[in-house]
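Here is a friendly tour of a protein model, written for someone new to reading structures. Have a look at the picture and the sequence before reading on.

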Amino acid sequence: MPHVEVLPNSTSVRAPGYALVPDTGHGTVQVAAQQTSGRKRAARSLGLPGGDTTVRQQNAVLKHLAELDKDSHRDVQVPVPKDSAGRVSKKTTPNVRRILMSQKTFANHLADEEAAIAQQQQARQSATTPRTKIVPDLKRASTSELRAIPGSGPSQNAAKPIGGLPPAPNRDPLDDDPLLKSYVPSAPSEEVMEALVSGPPLSYNAARAGPPPAGKPQRHFCEICGYWGAVKCMKCGARVCGLECKGAHDDGRCLKFYA
Amino acid sequence: MPRITKPTERVLPDQTLIIDNGAYTMKAGFANASPTLDNCHAIPNCIARDRGRRVWIGAQLEKCNDFGEITFRRPVEKGFLVNWEAQKAIWDNAFIEKGATLPCNPQSTNLVLTEAPNTPAALQKNCDEIVFEEYEFASYSRCLSPALNAYHDIQSLHGAPSRDSNIQALPAECLLVIDSGFSHSTVTPLFNGKPIHQAIRRLDIGGKFLTNYLKELISIRHYNMLDETHLMNEVKETICFISEDFKRDLERTWKGASASRKKALDGEREIVVDYVLPDYNAHKQGFMRPHDRSPSAKLRKMGSLSGAGDVTEESMTLGNERFTVPELLFSPGDLGMKQEGLPGTVLQSLSGLPPGLWPAMLANILVVGGNSKIQGFMKRLEMEVRQLAPAECAVRIARAPDPIKSAWLGGAHLAAKRSALKAVQVTRQEYQEHGSGWLGKVFSGSVLR
């Protein structure tokens with residue numbers, strides 16, 4: 001099978017109207033597409049047995065979160081009033097015209113940014129000669145890398161007395177007790193700080209806070225009254241607190257009528 | 001290797017406009033020698049259309065008194081300035097047109113504009129081009145909104161004596177800014193006023209998210225409020241508080257609690273309240289009042305629903321909505337969001353820094369942004385950060401005196417010092433000489449001037 005590779009092109013022109021989107025393979029769309037055959041079984045089997053994490057429920061959660069992040073419940077178009085939009089007294093430059101006419105949303109810009117980063121990474125992987133331009137690393141540097149910078153870690157400076165003072169003559173014998181020792185490391189050197197401050201910004205997705213450490217179970221609440229959701233609806237998996245709220249759930253909010 | 005261009009003497013005009021361009025409000029005003037919060041105007045950053053199909057732009061919204069079913073168009077999306085068509089209309093209304101709040105002639109004005117952390121480069125470029133090519137400001141600098149907070153007297157917030165006014169523009173050496181705003185909450189470590197980009201973290205929950213969640217809960221439990229975003233925002237600001245003991249408060253508000261249990265949990269501040277909805281026809285504002293449990297009150301409510309009698313007010317009884325909604329800032333997992341709460345985000349941000357900086361950062365935390373005004377927010381945040389932080393480090397958390405206008409005031413302190421301002425501003429002439437690509441590099445720090 002022939003191996004196809006996109007070579008980095010220095011004179012690439014961004015065409016308007018579409019964006020290259022990196023295919024990460026973990027998107028909602030893909031997950032949804034997997035359900036086309038044997039839907040129920042697939043949806044159930046992918047999640048942990050007995051858990052709340054079937055694919056269908058994950059999708060519902062993602063959809064709900066996206067819904068809550070929207071500006072308004074409906075899609076509304078509020079046009080800019082004509083008397084202020086049409087009032088162009090002086091000549092506008094092509095740049096300004098392009099920006100003002102642009103109907104791109106943040107999702108479009110984000111997709112563009114992700115595509116650019118993916119392309120940069122591809123370029124870096126395929127580049128074998130060092131004469132290619134070094135692209136700034138938009139991914140997070142791991143803490144271990146930062147610790148590897150000399151002078152930043154606690155171990156290097158631990159031996160040096162802080163501030164150049166001679167050690168106090170009469171030391172308490174308990175000072176060396178490992179249980180009582182203070183482990184606050186000394187401040188990093190100026191070069192380290194300079195490197196930190198001049199680092200490139202992260203991409204939008206890289207700066208998102210990560211998930212909490214595993215082990216803390218998710219809390220569930222009754223979707224009707226907000227009390228602890230101790231009972232799970234057998235049809236749709238929603239949580240309710242008791243019989244009274246289960247009735248209200250069945251009356252209007254159960255997602256599945258036939259199951 | 002940074003490229004060094006020929007140093008030129010920059011001449012800046014006297015007037016400086018500072019705009020902290022937020023998603024909900026735009027904080028704008030002119031700097032002077034000793035700026036105060038009164039110099040700052042918080043202008044709604046939106047174009048709104050009410051149910052009479054009348055359109056209101058920015059500051060005009062103050063005159064609007066019917067917020068029923070009002071819809072908003074916001075140029076700032078998820079914290080980033082995306083739609084310049086709308087933003088230009090709002091800026092024109094606020095600065096250029098007749099009767100503007102802050103009339104200004106851009107050609108003889110310096111502009112200090114803020115942006116959210118991690119803005120995509122394409123949006124930054126758009127912003128630069130509009131500022132210089134459309135508005136033609138004399139000089140301009142674009143900086144991170146949290147970064148401007150470093151120009152405050154941070155130590156006095158922690159109880160230290162206030163510093164000498166002669167050293168006003170010195171940025172704080174180490175500062176960790178928690179900015180919980182309308183679109184999201186960010187944690188930004190600053191060193192000498194410069195952001196440490198690798199360690200900036202963002203929690204995708206802001207005031208908008210909380211409002212929408214409250215709207216959803218009330219629509220399930222009381223009235224359909226799906227089109228009443230503005231009202232829900234008001235309700236949220238009035239009633240929400242952050243619980244110190246979530247489990248206990250949830251038990252206290254349970255509808256099925258038996259009489260004996262209620263007695264055991266009573267005797268403290270009552271959580272359940274009534275919110276009386278506003279009447280836009282009679283120009284009545286909505287307000288909160290303690291819940292009346294007596295049967296006569298219940299009858300009155302039934303009577304008002306059936307339209308009998310002279311009582312025309314409508315109210316809804318709110319219990320656990322009051323604290324489960326802002327609780328999301330501390331445990332987003334309650335809705336299945338795969339992110340850690342605000343205290344955890346602080347620790348994630350610290351993990352991107354060398355451990356030697358942790359003590360200094362943890363001892364100098366500044367909280368800004370509208371969400372920090374929620375009752376109980378500071379106490380809970382301090383408690384949880386204290387629990388997560390290493391035991392050796394002291395944790396000091398302070399809220400800015402005005403958390404919403406804090407970044408603006410910091411920018412005004414910066415602009416008050418001419419030499420500091422001169423160091424960051426780029427003049428229009430330089431832009432015309434070097435172009436927008438160069439300008440982007442100047443603001444990101446990879447080109448020194």
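The text below goes from one chain as a whole to the contact between two chains, and then to a few single residues.

This is a predicted model, in which local features need pLDDT of at least 70 and side-chain atom pairs count only at pLDDT 80 or more, while totals for chains, interfaces and linings use all residues. Residues are numbered from 1 along each chain as its sequence is written, chains are lettered from A and ligands numbered from 1 in the order in which they are written, and side-chain values use heavy atoms, with hydrogens and water left out.

**Chain A as a whole**

Chain A has ten helices and two strands; here helices (H or I, at least four residues) and strands (E, at least two) are DSSP runs, numbered from the N terminus. Along the sequence, their order is α-α-α-α-α-α-α-α-α-β-β-α. Chain A has 259 residues, and 25% of them count as buried. Buried means under 20% relative accessible area, exposed means over 50%, and partly exposed lies in between (1.4 Å probe, protein chains only). The accessible surface of chain A is about 18,800 Å², with 59% of it belonging to carbon and sulfur atoms; such areas come from the Shrake-Rupley method with a 1.4 Å probe, and for residues only the protein chains shown count as cover.

**Where the chains meet**

How many residues does each chain bring to the contact? Chain B gives 81 residues and chain A gives 79 residues, where contact means heavy atoms within 4.5 Å. Together the two chains bury about 7,500 Å², 57% of it on carbon and sulfur atoms. Buried area is the accessible area (1.4 Å probe) that two parts lose on being put together, summed over both. His197(B), Gln198(B) and Arg202(B) supply 8% of the area that chain B buries against chain A, more than any other three residues.

Five salt bridges are found across this interface, each being a side-chain nitrogen of Lys or Arg within 4 Å of a carboxyl oxygen of Asp or Glu. One of them joins Asp204(B) to Arg208(A), with the closest N and O atoms 2.7 Å apart.

Asp69(A) sits in the loop between helix H3 (55-68) and helix H4 (82-85) of chain A. Not counting residues up to four places away in sequence, Asp69(A) touches Lys78(B), Lys208(B), Phe209(B) and Asn212(B). The side chains of Asp69(A) and Lys78(B) make a polar contact at 2.8 Å. A polar contact is a pair of N or O atoms within 3.5 Å; within protein, one must be able to donate a hydrogen and the other to accept it, and residues adjacent in sequence count only if both atoms are side-chain atoms.

Lys78(B) has a positive phi of about 50 degrees although it is not a glycine.

Asn149(B) is in the loop between strand S11 (139-144) and helix H3 (154-157) of chain B. Its side chain makes a polar contact with the side chain of Ser406(B) at 2.6 Å. Among the residues that Asn149(B) touches are Leu175(B), Val177(B) and Ala407(B).

Are these residues buried or partly exposed? The table gives the values.

| Residue | Relative accessibility | Class |
|---|---|---|
| Asp69(A) | 15% | buried |
| Lys78(B) | 27% | partly exposed |
| Asn149(B) | 0% | buried |
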